[in-house]
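Please read the following report with the sequence and the structure side by side, and find each residue as it is named.

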Amino acid sequence: GGKTGTTDDYTDAWFIGFDSRSSVRVCVCFDQKRPIGTNQTGAVAALPIWQDIMKSWIARRRGAKPEPPAFERPGNIVTVSTSRGPEEFIAGTEP
């Protein structure tokens, strides 16, 4: 799982993501407040770096062929069919 982030003026772009064993945050920015580039969002600037790091990390942990680690679904998550398709909610917060 993960989440991107971008400041309004493109001075910071980030992605934080995790698997069942680790989490990694990538931030693309300068020490001084200035734009990193036109339309450099978290998905454009930071996510590809995170993907490369995680592919390497998983390959090192699992051997030569990187395979996604298993993620155990928490017991308090329920799936509800909505107009947008199936969605997950914490039990008791579903519509």
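## A buried and an exposed partner

In this predicted model, Arg84 is exposed, with a relative accessibility of 71%. Its salt-bridge partner is Glu87, and the closest N and O atoms of the two are 3.1 Å apart. Glu87, by contrast, has a relative accessibility of 19%, and because buried means under 20%, Glu87 counts as buried.

Strand β4 covers residues 77-82 and strand β5 covers residues 85-90, and the two run antiparallel, joined by six bridges.

## The three-stranded sheet

Another part of the model is an open sheet of three strands, which follow the order β1-β2-β3 and pair in the antiparallel sense. Which strands stand at the edges of this sheet? They are β1 (2-6) and β3 (23-29), and because each has a single partner strand, one side of each is left without a neighbour in the sheet. From one strand to the next, the twist averages 5 degrees.

The pairing of β2, residues 12-18, with β3 is antiparallel and runs over seven bridges. Two positions can be followed in detail: Gly17 has Val24 of β3 as its bridge partner, while Phe18 stands opposite Ser23, also in β3. A hairpin of four residues joins β2 to β3.

## The helix and what it packs against

The helix α1 has 21 residues, and the distance from its first C-alpha to its last is 28 Å, which is close to the 30 Å expected at 1.5 Å a residue. Its buried residues are Gly42, Ala45, Ala46, Trp50, Met54, Ile58 and Ala59. An α-helix has 3.6 residues a turn, so residues three or four places apart point the same way. As for their surroundings, the buried residues of α1 pack against β1, β2 and β3.

## The largest nonpolar core

Which residues make up the largest nonpolar core? There are five in all, namely Phe15, Val26, Ala46, Trp50 and Met54, and three of them, the largest share, come from α1.

Leaving aside residues up to four places away in sequence, Ala46 touches Ala13, Trp14, Phe15, Val26, Val28 and Thr41. Two of the names in that list, Phe15 and Val26, are also members of the core.

Asp9 lies in the loop between β1 and β2, whereas Lys33 lies in the loop between β3 and α1 (42-62), so the pair ties together parts that are 24 residues apart in sequence.

How accessible are these two residues, and to which class does each belong? Asp9 has a relative accessibility of 33% and therefore counts as partly exposed, while Lys33, with a relative accessible area of 66%, is exposed.

Terms used: Residues are numbered from 1 along each chain as its sequence is written. This is a predicted model: local features need pLDDT of at least 70, side-chain atom pairs count only at pLDDT 80 or more; totals for chains, interfaces and linings use all residues. Side-chain values use heavy atoms; hydrogens and water are left out. Two strands pair if DSSP finds at least two bridges between them. Axes are lines fitted to C-alpha atoms, for helices over the stretch in contact, and angles run from 0 to 180 degrees between N-to-C directions. Buried means under 20% relative accessible area, exposed over 50%, partly exposed in between (1.4 Å probe, protein chains only). A salt bridge is a side-chain nitrogen of Lys or Arg within 4 Å of a carboxyl oxygen of Asp or Glu. A nonpolar core is a set of buried Ala, Val, Leu, Ile, Met, Phe, Trp, Tyr and Cys residues joined through side-chain atoms within 4.5 Å. Contact means heavy atoms within 4.5 Å. The expected span of a helix is 1.5 Å times one less than its number of residues.
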